[in-house]
Amino acid sequence: MAHITVPTTNATGGDSGHVEAEAITLGLRDARPATLALHADETLRLVDDIAPPIHVSTTYKYPNDPQQLMPFYGRDIGPTEFVYSRESSGNPTRLEAVLSSLLKSPCLTYSSGLAAIHAAYILLSPRRISIGNGYHGTHGVLEIHKRVSGCKELPLDCLAEDLSAGDLICLETPVNPTGNAFNISHYAEKAHSRGAYLMVDSTFAPPPLQDPFAWGADIVMHSGTKYIGGHSDMLCGVLATKNKNWFTQLAEDRVFLGSVMGSLEGWLGVRSARTLELRVQRQSQNAMDLVEALDGALSGLSVGTGLSQSDVDVVKEVVAEVKHASLQHGDKSWLTKQMPVGYGPVFAMVMKNGDLAKRLPSKLHFFAHATSLGGVESLVEWRTMSDATVERTLLRFSIGIEDSRDLLEDLMSGFRALLEQDNQLQSVTTKLEDTCNTAADPAESV
């Protein structure tokens, strides 16, 4: 088996070889994330194109000189030494270089987030997996793993004594679909006290919002389809770990699992990673603006949020609750450290009833009614459309890069449209009842 070398220009704890030496020459070691996103893959540039070319070939020619023919098994394959795209290819390799620098750890890309989770389960093969509510797809992968391995599922809040060496805690934070956050340090200490491991799904808080490794995570997963892709046009999964042995095994396993990214998706990923910091910070701030306004209306703290008293009254008529990490006021002692620059671009809105939740998306103009999240455009989903475990009153919002004032005005317009529609229906119902009552009263017919 060949060993694939993935470049990690500024990652700590990984073996980055000659690529890291070149990165130091380029002045990247001390570069900040926004700069790394643009230049971390410079050492992999094979042509002079400013924008990386799209490499679509699945196979690559061996050297013509017989003296240069060296079998690939049993030796390291350099980051620009391509053989077959199921092992590595130009575009995904460049994406891995950029993401390794941003995630501060060597990483591998996969065909989807669920493929990445599956690879992690295969790598660790835990006898017990402690996991909470969250993305239903993650639980679907777990059900398959339980079926083939016989591993036991434990609740996220299980006792530390329920875990043993080699077991795994799977922590999704912030969690889907509410955007609420969990204390990574707490679960890291719990896992490590028993010799177990912690995997953090940080999809809802990509760089620069959260660094799970700083709080004790052993392995970090991202569904790169979301914020890393950022344009609703690619599938991607990411695993990052500082454990060199794990990384080597993951790279070898991926060859035979066949879950490598396609070249076009890798190219799209590089394009998207360039603007990751800009997009995520804008999206997170936009979400904060909306959450503050909506929750402020419900809590009576709406001063300065751009809502009038009539707006506040409308919100109270249709919205029951807003959920978001920023509203976890009792957790701010650890949360402000874990997420110092923003609490994520996803939040949930619980409507007064399921009918209001079902109808609101059709009243909005700047929010597309669709599943998934992380794109530059704002999305809303009546979450029960794709997740049977979520209450029918819940709407999940993925906030884009539009002007938050326009988004708030659109929401208020949608709320008012719901109430107007209900009032019209009530008026028609009342008239029908009056007509029926009149017809049924003999005295009235005389």
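A salt bridge here is a side-chain nitrogen of Lys or Arg within 4 Å of a carboxyl oxygen of Asp or Glu. The model is predicted: local features need pLDDT of at least 70, side-chain atom pairs count only at pLDDT 80 or more, and totals for chains, interfaces and linings use all residues. Residues are numbered from 1 along each chain as its sequence is written, and side-chain values use heavy atoms, with hydrogens and water left out.

**View 1. A buried salt bridge joins Arg 274 to Asp 41.** The closest N and O atoms of this pair are 3.0 Å apart. Arg 274 sits in the loop between H8 and helix H9 (276-299), and Asp 41 in the loop between H2 and E2. The two residues are 233 residues apart, so labelled as distant parts of the chain by the helices and strands around them. Helices (H or I, at least four residues) and strands (E, at least two) are DSSP runs, numbered from the N terminus. Both Arg 274 and Asp 41 are buried; buried means under 20% relative accessible area, exposed over 50%, and partly exposed in between (1.4 Å probe, protein chains only). Salt bridges that share partners join Asp 41, Arg 94 and Arg 274 into one network. The count for the model comes to 16 salt bridges.

**View 2. Asp 211 and Lys 104 form a salt bridge.** Their closest N and O atoms are 3.9 Å apart. Asp 211 lies in the loop between strand E7 (197-201) and strand E8 (219-222). Lys 104 lies in the loop between helix H3 (90-103) and strand E3 (107-110). The pair therefore ties together parts that are 107 residues apart in sequence. Asp 211 is partly exposed, at 22% relative accessible area. Lys 104 is partly exposed too, at 42%.

**View 3. Five strands form an open sheet.** The strand order is E10-E11-E14-E13-E12, and the pairing is mixed. Strand E10 (319-323) and E12 stand at the edges. Each has a single partner strand, so one side of each is left without a neighbour in the sheet. Two strands count as paired if DSSP finds at least two bridges between them. Strands of a sheet pair through backbone hydrogen bonds, either parallel or antiparallel.

**View 4. Strand E13 pairs with E12 and with E14.** E12 and E13 run in the parallel sense over two bridges. His 369 has Val 380 of E13 as its bridge partner. E13 and E14 pair in the antiparallel sense over four bridges. Here Trp 382 stands opposite Leu 395, and Glu 381 has Arg 396 as its bridge partner. Along E13 (residues 379-382), Leu 379 and Glu 381 point one way. Val 380 and Trp 382 point the other way, and all four side chains are buried. Glu 381 also forms a salt bridge with Arg 383, the closest N and O atoms being 2.7 Å apart. Arg 383 is buried, as is Glu 381.

**View 5. Tyr 62 and Phe 72 form a tilted aromatic pair.** Rings of Phe, Tyr and Trp (its six-membered ring) pair if their centres lie within 6.5 Å; planes under 30 degrees apart count as stacked, over 60 as edge-to-face and the rest as tilted. Six aromatic pairs are counted by this rule. In this one the ring centres are 5.8 Å apart, with 35° between the planes. Tyr 62 and Phe 72 both lie in the loop between helix H2 (33-39) and strand E2 (76-77), 10 residues apart. Tyr 62 is exposed, with a relative accessible area of 52%. Phe 72 counts as buried, at 17%.

**View 6. Phe 367 and Phe 397 pair edge-to-face.** The centres are 5.5 Å apart and the planes stand at 85°. Phe 367 lies in the loop between helix H12 (354-359) and strand E12 (368-369). Phe 397 belongs to strand E14 (residues 394-398), 30 residues apart from Phe 367. Ring pairs link Phe 347, Phe 367 and Phe 397 into a cluster.

**View 7. Two charged side chains sit over aromatic rings.** A charge sits over a ring if NZ of Lys or CZ of Arg is within 6 Å of the ring centre and within 35 degrees of the ring normal. Lys 242 lies over the face of Phe 213, 5.0 Å from the ring centre. The charged end of Arg 254 sits over the ring of Tyr 110, at 6.0 Å from its centre.

**View 8. Ile 54, Val 56 and Leu 264 form a nonpolar surface patch.** Patches are made of residues with over 30% relative accessible area and no salt bridge; like charges are joined within 9 Å, nonpolar side chains (Val, Leu, Ile, Met, Phe, Trp, Tyr) within 5 Å. Together the three residues have about 280 Å² of accessible area. Areas come from the Shrake-Rupley method with a 1.4 Å probe; for residues, only the protein chains shown count as cover. Leu 264 is found in helix H8 (residues 263-273). At 42% relative accessibility, Leu 264 counts as partly exposed.
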